[in-house]
Amino acid sequence: MIVIKTKEFASLLVAAVAAVVVAVAMALPEAVWWKTLCVGAGVFVGMTLLTLFIIRKYVAYKLKPIYSIVFSRDVHTREILDELKDKHVENISEELTAWADTNDREIARLKESETFRKQYLGNVAHELKTPIFNIQGYISTLLDGGLEDDLINRKYLERTEKSIDRLINIVNDLDTISKLESNMAGMKMESFDIVAMTREIAEQAEIEADKKGIRIQVKGGENLPSPFWVSADKHFIGQVLVNLIINSIRYGREGGQTRIKFRDLLDKILVEVEDNGVGIAREDVPRIFERFYRTDKGRSREQGGTGLGLAIVKHIVEAHGERITVRSELGVGTTFSFTLKRVEPGSRTE
């Protein structure tokens, strides 16, 4: 069985059949052999060109609407004929299939982005709505006569202030994420002792930790300066450590502990913030870095969290070309780990 793969082979086959038919027809009345040969050759060449022309026109006609979709404009037949000059039909099929696959992936990505955008806007609206409605309720109560009642006016004003503080924190965190997404190229890289900075942050967090009887330990560099020097943006990495340490205190158990450990991984320094708190359920672990995602929504709001802290942490770490990971077990505790580029103690970043 003959397999036709190209338009050229198809035209040659048609021409050969026509030439044989004509040659046989001419040979029947015992025509001169060379005349038969010449006529057969002429018919072969003519039919080859005619068939090729017809096939090209037909293929161009069929491909024109497809190419118009691919290029998002009206495509002239001449453009398609130029494309067909050096390409086999199967090559064009492969190209169109590849385009379709790419287009499908792009559509899927856009749908995913649109879904994320809708969820994000919905979460922002929900998070802002709660403190705004609280403020509205407190002020309405005060205006309706509560302002003259000494038993409730101060209490309601304090609650209003608390809701306003929460509103400010959400807006500030949203602004921080926006700046991180648009301007992380402007980081100021410098060399510094990560242990020394962590100890300063831990000391500042002790007041918050003392409220729950939590003890903060910084392990890995007993003496300063420590051997754990990194090259990073000191301000942003400080923000990462503040968020992780405060998080460990908020979700830590009463009388528990938070440990910050450091390990030398040759060209990297591994930083681990570990607590023995309530832990995170396995199904929640993959989503904890999402904006506004909470494992315990009511409890998080009571403790003042905006739901954006870990999203900010992830942005900062990834902007340094590093990764942050988490491992956790319910009732046992949680450990956040991230790496930073290691440098020699006392070195300076140019």
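## The helix α9 pair

At 41% relative accessibility, Glu318 falls in the partly exposed class, since that class covers what lies between under 20% for buried and over 50% for exposed. A quick caveat before going on: this is a predicted model.

Glu318 has a partner, Lys314, and the two form a salt bridge in which the closest N and O atoms are 2.9 Å apart. Both belong to helix α9, which runs over residues 309-319, and because they sit 4 residues apart there, about one helical turn separates them. Lys314 is partly exposed too, with a relative accessible area of 30%.

Elsewhere, salt bridges with shared partners link up Arg259, Lys261, Arg263, Glu272, Glu274 and Arg327 as one network. How many salt bridges does the structure hold? The count is 11.

## Bridging β4 and β5

Let's look at Glu274 and Arg259, which form a salt bridge with their closest N and O atoms 2.6 Å apart. Glu274 is in strand β5 (residues 268-275) and Arg259 is in strand β4 (residues 257-265), so this pair ties together parts that lie 15 residues apart in sequence. Are the two partners buried or exposed? Glu274 is buried, its relative accessible area being 17%, while Arg259 comes out as partly exposed at 23%.

Then there's Lys261 with Glu272, whose side chains meet in a salt bridge at 4.0 Å, N to O. That pair also has Lys261 in strand β4 and Glu272 in strand β5, so it ties together parts 11 residues apart in sequence. Lys261 counts as buried with 16% relative accessibility, and Glu272 is buried as well, at 3%. For background, side chains of opposite charge can pair when their charged atoms come close.

## A negative patch

Which residues form the negative surface patch? Glu200, Glu203, Glu206 and Asp210 do.

Terms used. Residues numbered from 1 in each chain as written. Predicted model: local features only at pLDDT ≥ 70, side-chain atom pairs only at ≥ 80, totals over all residues. Heavy atoms only, no water. Patch = residues over 30% accessible without salt bridge, like charges linked within 9 Å, V, L, I, M, F, W, Y side chains within 5 Å. Areas by Shrake-Rupley, 256 points an atom, 1.4 Å probe, with all protein chains shown as cover. Lys, Arg positive; Asp, Glu negative; His and termini not counted. Charge placed at Lys NZ, Arg CZ, Asp CG, Glu CD. Helix = DSSP H or I, 4+ residues; strand = E, 2+ residues; numbered from the N terminus. Buried < 20%, exposed > 50% of the residue type's maximum accessible area, 1.4 Å probe, protein only.
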